[in-house]
Amino acid sequence: MKYLSGYLTSFFIKKRIKKIESIIRSPIKIQHKLIHKMIFYAKKTEFGKKYGFKDIKEYKQFSERIPICNYIDLIPIIKRIRKGEKDILWPGKVKWFARSSGTTNTKSKYIPITTFSMHDCHYKAGKDMLSIYIHNHPETKVFFGKALRLGGSHELCKKYNTFYGDLSSILIKNLPFWAEYISIPRKKIALMSEWEKKLETLVKVTASKDVRILLGVCSWLLIFLNRLLSKFNKQKINEIWPNLEVIFHGGVNFNPYIKQYNDLFNTPINYYDVYSSSEGFFAVQDQKNVDGLLLLLDHGIFYEFIPMEEFHNPYPKIFPIDKVELNKNYALVISTNAGLWRYIVGDTIKFTSISPYRISISGRTNHYINSFGEELIIENAEIALKKTCLKTNSIIHEYTAGPIYMNKKNSGAHEWIIEFKKTPKDLSYFRDILDNELKSLNSDYEIKRYKNMVLRPPIIYIARTGLFYDWLKIHKKLGGQNKVPRLSNDRKYLDSLLKLK
């Protein structure tokens, strides 16, 4: 039965690759067809009537009539939808809401998840992820074992009789039968709300299984795998799961974690990146060891892009996919089959290829440091830290950075709180290398560092082991896709962490 189901699942997933290849050949046609279909379907909703969806025939009309928005603009509408009102942003009632980790704002966001977005976006993208992997590794036997998923918590919002929780929990709750069959742990454990208790239970119930796939946020997976090794007094994960073949990861940049992961295995393992959020499943890595994720264009999401130099303008230029350029920073704007229309996700991306359309995540529209005009984005920080670690033989576990403001005596600076897994022998040398790498990557930073007139050299504080974990625990953000923002334009996170030192 195990092998029969493995062959059937593999055959079922393989069929999708031909559709993926056809989309790659006609990306613009696919996107145009999709937005017209979505407009037609939503024309009788309150939103569709307000903006005259029934008369929209061209993209130009769509872009001229419908304003861009962010979550703050939608709060009153989302409240109405959560109370059971139907046909507002998307036809019918919405039963499920993905609650965000709240890193963008202090309050949680409740993103509507419709039946359409669940099946035609998230699950469909999951099938594509597996289909691409099978295509790249035709001899794979991953479906003859189990896929271990590391999800978040799940709660019932009793007041409105709607469900909310981490996106992963909503998807686990409604998982198709074939995916549920190959997945562990079972729903009861996967949906446990108390992270540390769930972690211990996961270690106990999964160690004896034939795990071949791991899925989750790489930072939380790393904690789980280290706990597993400690529990069973093993040195390598292969000693527990000899058939483990691939890790599908997302949520945070994988580069700072690569060495720590490689140290966990005594045989090679495949790593595949995905770009998924509460708002949608956007992209998957389609080629091994190639930078850039394949943008998914027929999954109920219509994409638009704001050049970052336009982002803070009252009326920024916004481009559809056929107008984008390579290696340029864009803010991501989406219209989805969950009723998010021209919604600013908050992520910034760059196109690494336009045939096919592949992207890399360069940062956040609001997670940056620009207190002194230096415009330091996450992409700069990640690359600089990776190079610095290589040159100083150090390993970073977690980090965050923010400004030290100018005063009468001193110019400004950036303060970095870094939790090392392997601390550099000379912290001053580490600081100087990091500073120089940032200068080489960001001309604005380099100018502000000139003769220390605007910015002094970085200030680095070495965090005790477990500081970031303790902060997340205190703020009830353990598990799921929760994380301390890497960069912030104020001292909110720095000061909060330093209080725990």
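Trainee: Where is K33 found?
Mentor: K33 sits in helix α3. Keep in mind that this is a predicted model.

Trainee: Okay, and is K33 buried or exposed?
Mentor: K33 is exposed, because its relative accessible area is 63%, and the cut-off for exposed is over 50%.

Trainee: Which residues form the positive surface patch?
Mentor: That patch is made by K19, K29, K33 and K37.

Trainee: And which element gives the largest share of the positive patch?
Mentor: Helix α3, which covers residues 27–41, supplies three residues, the largest share.

Trainee: Switching topic. How many residues of strand β12 are buried?
Mentor: Seven of the seven, so β12 (residues 301–307) is largely enclosed by the rest of the structure.

Trainee: Which way do the β12 residues point?
Mentor: I301, Y303, F305 and P307 point one way, while F302, E304 and I306 point the other way, and all are buried.

Trainee: How many bridges join β12 to β14?
Mentor: Seven bridges link β12 with β14 (residues 330–336), and the two strands run antiparallel. Within that pairing, I306 stands opposite A331 of β14.

Trainee: What about β13, how many bridges join that one to β12?
Mentor: Two bridges there, and β12 and β13 (residues 319–320) run antiparallel.

Trainee: Which residue stands opposite P320 in β13?
Mentor: That's E304, one of the buried residues of β12.

Note on methods
Residues are numbered from 1 along each chain as its sequence is written. This is a predicted model: local features need pLDDT of at least 70, side-chain atom pairs count only at pLDDT 80 or more; totals for chains, interfaces and linings use all residues. Side-chain values use heavy atoms; hydrogens and water are left out. Patches are made of residues with over 30% relative accessible area and no salt bridge: like charges are joined within 9 Å, nonpolar side chains (Val, Leu, Ile, Met, Phe, Trp, Tyr) within 5 Å. Accessible areas come from the Shrake-Rupley method with a 1.4 Å probe; for residues, only the protein chains shown count as cover. A salt bridge is a side-chain nitrogen of Lys or Arg within 4 Å of a carboxyl oxygen of Asp or Glu. Lys and Arg count as positive and Asp and Glu as negative; His and the chain ends are not counted. The place of a charge is taken as NZ of Lys, CZ of Arg, CG of Asp or CD of Glu. Helices (H or I, at least four residues) and strands (E, at least two) are DSSP runs, numbered from the N terminus. Buried means under 20% relative accessible area, exposed over 50%, partly exposed in between (1.4 Å probe, protein chains only). Two strands pair if DSSP finds at least two bridges between them.
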